[in-house]
Amino acid sequence: MALRLALTETKVKPGRNRSWLARENDTKESPSKPIRMTTIECRYSGNLHCDARHGPSGQHLQTDAPKDHDGLGQTFSPTDLLATSLGTCVLTVIGITAKRRQWNVEGASARVTKMMTSEGPRKIACLKVDVHLPQHCSPDQRRLLMRMAEDCPVKRNLEGALTIELNWT
């Protein structure tokens, strides 16, 4: 029997849960227009594997339980995807900020180290993110990019639930 989870589309009232993008540039979002949320469909396919489909693009990804939790570790685990979400969100925010100012940040990178709890319920204890910005970024550019990345939506949602360390090079 397949287990299926669907995250449904939801409308958010204008002015509520507005992203940092809307706060940075209010002309991008009309105050009277509701925000549409994304649908992701997930299906348990057996042997501790799940398949997920991104509604808007149709792209698929799979997860597997890690080796230390009865899985085969053949691909990302769900907690790996959470760590990946933080790293890619930081880089996406950097990219958006740079794009709006016509700066080149190609080659910026993030290495995320995920540390799980060793006692009690299994959960992520800490995500350490080493962020590298291209050397050609000026000190002023670096300061702005760092400030914007510190407020990325994934980081904001995880704060208080686990320790997050952003280290910059």
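Student: What share of the contacts in the protein between residues at least 6 apart in sequence join residues at least 24 apart?

Tutor: The share is 50%. Keep in mind that this is a predicted model.

Student: How many helices and strands does the protein have?

Tutor: Four helices and nine strands. Along the sequence they follow the pattern β-β-α-β-β-β-β-α-β-β-α-α-β.

Student: What is the confidence like in the protein?

Tutor: The average pLDDT is 86, and 81% of the residues score at least 70. Helix α2, residues 78-100, has the highest mean among the elements, at 98. Strand β2, residues 11-12, has the lowest, at 41.

Student: Where does pLDDT stay under 50?

Tutor: Over residues 1-30. The model still has 57 contacts beyond four places in sequence for that stretch.

Student: Is C50 called buried, exposed or partly exposed, and why?

Tutor: Buried needs under 20% and exposed needs over 50%. C50 has a relative accessible area of 29%, so C50 is partly exposed.

Student: And what makes C137 buried?

Tutor: Its relative accessibility is 7%. The limit is under 20%, so C137 counts as buried.

Student: How do you know that β4 and β5 pair?

Tutor: Pairing takes at least two bridges. Six bridges join β4 to β5, and the strands run antiparallel. One of the bridge pairs is G46 with H49 in β5.

Student: What lies between β4 and β5 in their hairpin?

Tutor: Two residues. N47 is in the turn, with a positive phi of about 55 degrees. N47 has that phi although it is not a glycine.

Student: Why is N47 called exposed?

Tutor: Exposed means over 50%. N47 has a relative accessible area of 66%, so N47 is exposed.

Student: What makes β5 and β6 a pair?

Tutor: At least two bridges are needed. β5, residues 49-54, and β6 have five, in the antiparallel sense. R53 is bridged to H60 in β6. H49 has D64 in β6 as its bridge partner. H49 is also the partner of G46.

Student: Which residue in the turn of the β5 and β6 hairpin has a positive phi?

Tutor: G58, at about 80 degrees. Five residues lie between the two strands there.

Student: Why does T63 count as buried?

Tutor: T63 lies in strand β6, residues 60-64. Its relative accessibility is 8%. Buried is under 20%, so T63 counts as buried. T63 touches residues including L48, H49, C50, F76 and S77.

Student: S77 is on that list. Why is S77 called buried?

Tutor: At 1% relative accessibility, S77 is under the 20% limit, so S77 counts as buried. S77 sits in the loop between β6 and α2. Beyond four places in sequence, S77 touches T63, D64, P66 and K114.

Student: What share of the residues in the protein count as buried?

Tutor: 26% of the 169 residues.

Student: What makes Q102 exposed?

Tutor: The value is 76%, and exposed is over 50%, so Q102 counts as exposed. Q102 is in the loop between α2 and β7. Its phi is positive, about 60 degrees, although Q102 is not a glycine.

Student: How do you know that R101 lies over the face of W103?

Tutor: The distance limit to the ring centre is 6 Å. R101 is at 5.8 Å from the ring centre of W103, and it lies over the face.

Student: Why is R156 called partly exposed?

Tutor: The value is 31%, between the 20% and 50% limits, so R156 counts as partly exposed. R156 is in helix α4, residues 153-158.

Student: What separates the C-alpha atoms of R156 and L86?

Tutor: 9.8 Å, with the two residues 70 apart along the chain.

Key: Residues numbered from 1 in each chain as written. Predicted model: local features only at pLDDT ≥ 70, side-chain atom pairs only at ≥ 80, totals over all residues. Heavy atoms only, no water. Buried < 20%, exposed > 50% of the residue type's maximum accessible area, 1.4 Å probe, protein only. Contact = heavy atoms within 4.5 Å. pLDDT = per-residue confidence, 0-100. Lys NZ or Arg CZ within 6 Å of the ring centre and 35° of its normal.
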